[in-house]
Each structure stands twice: as C-alpha cells, then as structure tokens.
Amino acid sequence: MTTNLEKTESLTLPVIALRGSVCFPSVQLNLEIMRGFSLKAFSKAASEDGKVLLLAQKDIEVTSPREKDFYRTGTIAQIHHVAKATDGNLSVVFEGLSRAKVESIDARDGYLEATVVAKSLRASNVIGDRVDALMMHAHHLLKELPTIHPHFTEEMRISACAMVDCGIFADFVASAALVDYHAKQSILEILHPVTRLEKLIYLLEDEMEIMRCEHDISRKVRSHIDENQREYYLREQIKVIQQELGEDSDELEEYAFRIDSTPLPADVAKKLKKELARLSKTPFGAAESTVLRNYLDTCLDLPWGQYSTGECTIQQAKAILDADHEGLDKVKDRILEYLAVESLSHSVKNQILCLIGPPGTGKTSIASSLAKAMRRKYVRISLGGVRDEADIRGHRKTYVGAMPGRIINALIDAKTMNPLILLDEIDKLTSDAHGDPASALLEVLDPEQNKYFQDHFVEFPLDLSDCVFVATANSYDTIPEPLLDRMEVIDIRSYSENEKVAIAKNHLLPKQIKRHGLTKRQFKITDEALREVIRKYTREAGVRNLERELATLIRKVARKIAEGERKSVTIKSDMLSAYLGKPKSYDNKPETENMIGIVNGLAYTQSGGDLLPVEVKLMNGQGKLELTGSLGEVMRESASIALSYVRSIADQYGIPDEAFKNKDIHIHFPEGATPKDGPSAGAAMTVALLSAFAKKPVRCDIAMTGEMTLRGRILAIGGLREKTFAAFRSGIKHVILPIDNKPDLDEIDEVVRANVCFHFVSMFDDIPSLVFSEEEGAQIEDGLNTPPFSLADSAKPVNLHA
C-alpha cells in the first residue's frame with residue numbers, strides 16, 4: 001500500500017447550506033436554491049470564479065442557520081450548469097472539487113461566507129491486498145443493491161464498478177446509495193480513502209439490511225393486494241347479486257370493520273364474528289335478522305377500551321363540593337376521604353356509597369359533583385318503581401322486543417367503561433312475579449361479583465369494577481338488608497333555616513333569576529322576606545319547594561317588568577301575601593298555660609321536625625284504651641307500654657287502682673290526617689297519662705322525646721337535629737332528651753343550642769320533677785347550655801338570627 005500525502009489550501013468562499021443532502025468531490029449534485037441567503041451566496045460566487053462551499057446543516061428544520069448549525073466538513077464545488085425553475089427558484093448543477101475543513105463562518109451582506117482549508121490526497125492509487133478485498137466485497141454488495149434500492153440503478157452499479165480509485169469509488173457509492181444524510185456526512189468527514197471505504201461498507205450493509213426488510217414487506221403487501229383485488233372482484237359480484245335479491249352487503253362489511261377496529265376481548269370478538277356469520281346467512285327481512293342486528297349494535301356500541309382520565313386534587317375536589325353545595329360538612333368530609341383513598345391506592349375499588357336523606361336535600365346533585373371531582377362521566381339510573389329483574393339484567397335476546405338492562409345502557413350513554421353511575425331512589429324498588437330487581441343489584445354492588453357482571457342480553461361477562469356506584473334513598477326502612485349491607489351509608493340531614501337562607505342566596509336565586517331573564521338589579525328580596533318564605537310558605541327538609549316559591553315570586557316580578565309597570569322590584573315581608581297568597585304552613589304552637597293531660601312531644605318527618613302534642617282524656621267507663629290520630633302499630637304498642645308503666649307507679653302518686661278500671665282512656669294526636677308511627681313518643685305519652693290520672697298540670701314550655709321501656713328506661717331516638725329545631729321554632733324553651741343522645745349534641749344547630757335548654761334523662765323517674773308544675777312560674781333546674789327559664793321567659797321573643 002502506498003502512502004498518500006495530504007495537501008491543504010486556505011480559502012474564503014460563499015456558503016450554500018444543504019438540507020438533507022451532502023455533496024462529494026468528483027460527484028455532481030443537482031440542487032434547487034430557494035432560500036435568500038443561499039441565492040445571494042450563489043450570486044456572489046457566480047460573479048467571481050464560480051466556486052462555493054456546499055455545507056450540510058445538522059438539522060434540516062432550521063431555516064436560518066448559524067455557525068453552530070453546520071457540520072465542520074463540507075465540499076468545495078464549481079458551478080457547472082444553471083437553469084431557472086418554473087416557480088422562480090434556481091436549479092443549479094454543482095461539481096464537487098475537494099473536501100474542506102471549516103475554520104469560521106461569518107455573515108456578510110445577506111449571505112454566509114466561510115474560511116476553509118481545502119484538503120485532498122496527492123499521489124498514486126492506494127493498492128494492496130486489503131484494498132482489493134474491500135473493493136471485491138463492495139462490488140458484491142452492489143450486485144444486490146439495484147434490486148432493493150429504489151433509486152440505485154444498474155447503470156449506476158456498472159459506473160461504480162468501473163472506478164479504480166477506492167476513494168472516488170467510496171464517494172460515488174455513498175452519494176448514490178446511502179439514504180441517511182448523516183451517514184453520508186460521516187463518509188465525507190473521512191479523508192483517508194481506505195478508512196472511507198471500510199466505513200462505507202459498514203454503513204451500506206446496515207442500510208441494505210433495512211432495505212431487504214422493506215422490500216420483503218413491500219412484496220408481501222403487493223401479493224396481499226393482488227389477493228384483495230381478486231376478493232374485491234368476487235365481492236362486487238356478490239354485491240350485485242345481493243342487490244338484485246334486495247339484500248345489503250355494505251351493512252355486513254360495516255359490522256366486520258367495526259368488530260376488527262374495536263379493541264374487543266378475544267372471546268367477545270369471536271362471539272360477535274360468529275353472530276355476524278349467522279346474520280350473513282339469515283334471509284333479509286327475517287325476524288331473526290332484526291334480533292341479530294340489535295345484538296351486534298348493542299355490543300359494538302359499548303365503549304370498549306374507553307376510560308375517563310385525569311385526576312383532581314383533594315383541594316380542587318373540596319372547592320367543587322363547596323361551590324355546588326352549602327353546608328353538609330360531614331357529607332363533604334366523607335366524600336373527600338373517599339377521594340383521598342382512591343387517589344392514593346388505585347387498587348381500592350368498589351366502595352359503594354349510599355346517600356340517605358329527606359327529599360330535596362341535594363343527594364343527586366352531590367353525586368353529580370362527585371363525578372365532576374373524579375373527572376368521570378356521570379350517568380343516572382332511576383330505580384323508582386322498577387319491579388322487573390330484566391330492567392337490571394336485560395332480557396335474553398331470543399325474546400321479541402328484547403333489550404339490554406339499564407347498566408349496559410348506562411355504559412353506552414356514558415361512552416366510557418368507568419363512569420360514575422347513580423342508582424337513584426334505590427329504596428323505591430319493588431318486586432313481583434317477574435323477579436326481584438334488588439336481588440339483581442346484589443351482583444352489581446358486590447365487589448367480588450361485579451368483575452363478571454353478565455347481562456342476559458349481551459351474554460358475556462362485563463367488568464364493572466372500574467365503575468363508581470352511588471345510590472340514593474329517602475329511608476332505610478325499604479332498602480333490603482342484603483343490599484344495604486353492601487353499601488356504605490352517608491346520612492344527609494335536613495337543612496336548618498340559616499342553611500336554607502344561604503342556599504337560596506348563593507344558588508337558588510341566581511339560577512332562577514337567570515332562567516327568567518332578569519338581572520340581580522331587577523329582582524331583590526330582603527333577608528326577612530326570605531325567612532318568611534321559608535317559615536310560612538314551605539315545610540320541608542330540603543329546598544325543593546323553596547325554589548318553586550322563589551320561582552313564583554320571580555315570575556310575577558318578570559311580568560310587571562315586561563308590562564312596563566316596574567323597572568325593578570325588591571320583595572319585602574309585607575308584600576309576600578300579594579305575590580304568594582296566604583301562608584301555606586304554620587308551626588304548631590304550644591299551649592300558653594300549664595294543662596293536665598297535654599304534653600308537647602317531638603316528631604321527625606320527611607319534611608323535617610315538628611311539635612307533636614299528646615292529649616289524654618279520662619272518662620267514666622270500663623278501663624278501655626282508645627287511640628286516635630292515624631297511629632301506626634309501633635305507636636299503639638308504645639301507648640300500651642306507657643299505660644302499663646303508669647299503672648305500675650300509681651301508688652307513688654296516690655292513684656287508686658279503681659281509676660284504671662272505672663275510667664276509659666283516650667289518647668289523641670292532632671292532625672289526624674297525617675300518619676304517625678315510631679317509638680319516640682313513649683315518654684310523652686307516659687307523662688300525659690300520669691298527668692291525667694294524678695291531675696298534675698304539665699309545663700307548657702317544655703317538650704320531650706324518647707322511647708320508653710316497660711321498666712321505665714328512656715332509650716335513644718333518631719332525628720335529634722330536626723326535632724330540636726322544631727322545638728326552637730315553636731318557642732319551646734326546654735327539651736328533655738334520652739341521655740344516650742348526649743354525644744349527638746354537636747349535631748344540633750348552633751342557634752338552637754344557644755336558645756334552648758336540654759335535659760338528659762336515663763329513667764322515667766327523672767322526668768316528673770322536670771315537667772309537673774303546681775303553679776305558674778316554677779323553674780326547671782340543672783339544664784344544659786343555657787340558664788334556667790321560667791314560664792315568664794317563654795313570652796320573650798327568640799332571635800332566629802343569633
């Protein structure tokens with residue numbers, strides 16, 4: 001092998017930037033010049049000796065390159081031929097002269113100019129056994145190249161094989177055969193011809209391996225296309241025949257496309273293809289074809305592989321809940337705990353929540369806010385009056401008019417496989433001869449079973465474990481025990497008056513004002529008038545009727561404004577009767593005097609709490625007990641217990657035994673049209689009976705609630721918050737409660753705690769000293785929260801705004 005000497009020469013040349021191509025010495029390059037700085041560089045070169053530096057950019061996306069954007073090795077080229085393209089750009093043929101090392105690049109008048117050192121080899125051809133072996137190997141590679149390379153022709157191969165100089169051979173083959181311009185640049189940067197040839201063989205083998213794969217894929221694709229063309233021709237013939245017979249093949253193709261393009265589980269895809277094959281063989285218009293089409297549509301409409309994504313921080317979730325709902329702090333805390341656990345451990349699934357509370361307290365809207373906080377789609381399933389198991393599980397598709405169940409329809413409506421599904425009014429489920437829907441829901445709400453929920457219509461198991469289920473109900477009583485056991489219950493209490501005022505101001509009024517086309521300036525209502533609407537025109541635990549009454553007010557104001565009578569209206573208390581008519585509800589007021597046989601009881605209803613007077617009258621007779629006031633069975637039993645207990649302590653109060661034999665007893669609860677039941681009036685009935693038999697008047701400023709046992713124990717009751725608020729609203733100053741309810745004192749509204757004195761008792765023996773008063777003005781001692789009140793105190797007004 002002979003040794004070549006390097007020859008160098010320093011030059012200053014205008015630079016033409018190359019994007020995605022490289023120019024080699026002794027090789028011509030056809031280049032279309034479009035960029036302004038390159039056009040000016042070309043003009044500069046053309047006006048002088050026609051020499052330029054062709055320098056490749058590192059990144060072809062850079063439109064205005066600087067020195068750092070260029071490689072440091074380029075090619076000095078001579079302008080060989082110039083033509084003007086139709087679009088106005090220049091098409092120039094350059095011929096490479098020699099390699100050049102860039103020392104610096106400077107900006108001139110609108111073009112780039114580089115100082116370079118030209119590098120070339122001087123001496124005879126490089127010879128030797130290694131060079132011969134490399135050239136022979138390269139020629140062998142070139143034999144295959146035209147068959148797989150899209151642009152390297154047989155003529156190029158012959159020209160390359162005729163070249164004796166290995167350096168010129170390497171440059172020519174690199175320019176014509178290599179695809180990656182980074183690979184071409186790496187060849188250009190090698191000055192020594194043998195090293196350059198070795199590098200070329202390495203890169204060429206690498207790119208040819210890729211080309212072989214591409215060529216093989218292309219050959220298979222062409223073969224497949226030929227088969228598809230044959231199949232297409234046959235199918236077109238079948239289509240014409242089917243059209244003549246009145247059948248539609250496009251529908252079958254659409255079903256097949258949907259099955260193939262939907263990410264179905266393997267077993268589901270297999271089943272649907274089987275059903276599609278049956279449909280293709282079923283005569284058009286046959287009853288079975290309608291069933292199969294309905295089945296395929298339902299299965300393919302399910303959102304396979306579609307999931308809601310996105311997470312919400314606990315702070316964001318709290319902000320959403322606070323913005324949508326007033327009060328309900330304990331409910332919000334429990335929901336935030338649920339979200340915190342769900343965000344920390346994604347494996348914790350299937351915590352089914354059940355919101356139980358009176359109507360209108362926001363159960364459904366809480367579920368909607370929960371879906372918003374979890375970034376899930378929200379779907380509501382109304383279960384009120386559902387009495388057929390098929391409503392949950394669907395019908396078998398062989399039946400006429402068969403449909404999927406509501407769970408499947410909910411997923412289709414949500415368009416995701418992990419929505420929040422609200423099971424609304426779950427306590428209103430009924431059952432008949434068609435089955436029990438509550439039993440069907442057991443599978444849906446059981447974490448161990450809903451991974452494989454099977455609807456009768458779709459006939460394959462469906463994973464519901466990613467769904468969030470929230471149920472709502474008004475009462476525990478009508479929810480089946482096994483169903484209740486699978487859910488975590490969150491109690492939603494009724495709203496206090498202050499909470500209703502806040503809800504009306506922040507939510508109801510803005511919504512209704514906007515809905516009726518008014519502005520806040522056109523409609524205003526004072527706080528006093530708002531409280532009057534709550535007290536005298538609504539009687540409810542929630543705010544549904546309150547919203548209706550406010551809508552009525554706004555409608556009437558809207559009419560006055562539309563008629564030009566007023567520009568704006570501010571509703572005050574004395575205007576309510578003109579807009580809403582006479583009051584629709586009144587609070588039961590206690591007696592103003594201490595009476596014998598009359599006791600103030602407390603009741604919990606779906607509309608909140610209420611004062612429930614108990615009246616007892618004794619008449620000559622034979623000891624018969626008469627109960628009136630639409631009482632339920634539990635209340636009747638409580639009356640029997642109360643009478644038995646009074647008879648057991650008659651000696652302590654000087655009541656003769658004959659009184660129970662010679663007197664008929666009548667216990668009455670006013671508002672007889674309203675059904676009443678429950679054990680919490682036991683203590684009040686006992687006091688009323690004892691008062692009637694002992695002829696002791698009962699204080700009129702005191703109310704009580706508590707279940708009585710036959711031994712005189714006072715047991716805990718529910719609805720404490722609502723009952724105590726009813727007492728406060730009615731002007732009661734003292735309330736007797738079971739001692740077991742003492743831990744629940746913090747649930748009572750702050751206004752009530754500040755204005756009512758509570759007395760906790762464990763046995764009935766503790767009550768008589770509190771309630772019996774021989775004369776007006778007697779005081780009750782040892783109360784909680786407030787100083788003792790006298791009867792005279794009860795005449796003082798109570799501040800509802802405290």
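A salt bridge here is a side-chain nitrogen of Lys or Arg within 4 Å of a carboxyl oxygen of Asp or Glu. The pair links distant parts of the chain, since Asp171 sits in helix H4 (residues 166-177) and Arg99 in strand E5 (residues 90-107), 72 residues apart. Helices (H or I, at least four residues) and strands (E, at least two) are DSSP runs, numbered from the N terminus.

Keep in mind that this is a predicted model: local features need pLDDT of at least 70, side-chain atom pairs count only at pLDDT 80 or more, and totals for chains, interfaces and linings use all residues. Residues are numbered from 1 along each chain as its sequence is written, and side-chain values use heavy atoms, with hydrogens and water left out.

**Salt bridges**

Is Asp171 buried or exposed? Asp171 counts as buried because its relative accessibility is 3%. Arg99 has 7%, so Arg99 counts as buried too. The cut-offs are simple: buried means under 20% relative accessible area, exposed over 50%, and partly exposed in between (1.4 Å probe, protein chains only).

Asp171 also meets Arg196 in a salt bridge, at 3.1 Å from N to O. This pair again links distant parts of the chain, with Asp171 in H4 and Arg196 in helix H6 (residues 193-245), 25 residues apart. Both Asp171 and Arg196 are buried.

Elsewhere, Lys560 forms a salt bridge with Glu565, and their closest N and O atoms are 3.4 Å apart. Lys560 has a relative accessible area of 23%, so this residue is partly exposed. There is also a network of salt bridges that links Glu497, Arg531, Glu532, Arg535 and Lys536. The count for the model comes to 39 salt bridges.

Two packed helices are described by the angle between their axes and the distance between the axes. Axes are lines fitted to C-alpha atoms, for helices over the stretch in contact, and angles run from 0 to 180 degrees between N-to-C directions.

| Helix pair | Angle between axes | Axis distance |
|---|---|---|
| H2 (residues 129-148) and H4 | about 25 degrees | 12 Å |
| H3 (residues 154-161) and H4 | roughly 165 degrees | within 10 Å |

That makes H3 roughly antiparallel to H4, while H2 and H4 are roughly parallel to each other. Angles under 35 degrees count as roughly parallel, over 145 as roughly antiparallel, 65 to 115 as roughly perpendicular and the rest as oblique.

The crossing of H2 and H4 is left-handed, meaning the near helix is turned anticlockwise from the far one by less than a right angle (right-handed if clockwise). On the H2 side, the contact (heavy atoms within 4.5 Å) is made by residues including Val131, Met135 and Leu142, and on the H4 side by residues including Phe169 and Val173. By class, this contact of H2 with H4 has 9 nonpolar, 1 polar and no charged residues. Ala, Val, Leu, Ile, Met, Phe, Trp, Tyr, Cys and Pro count as nonpolar, Asp, Glu, Lys and Arg as charged, and the others, Gly among them, as polar.

H3 also passes H4 in a left-handed crossing. Here Met156, Ser159 and Ala160 in H3 meet Phe169, Phe172, Val173 and Ala176 in H4. The contact of H3 with H4 has 6 nonpolar, 1 polar and no charged residues.

**The whole chain**

Zooming out, the protein chain has 26 helices and 26 strands. Of its 802 residues, 48% count as buried.
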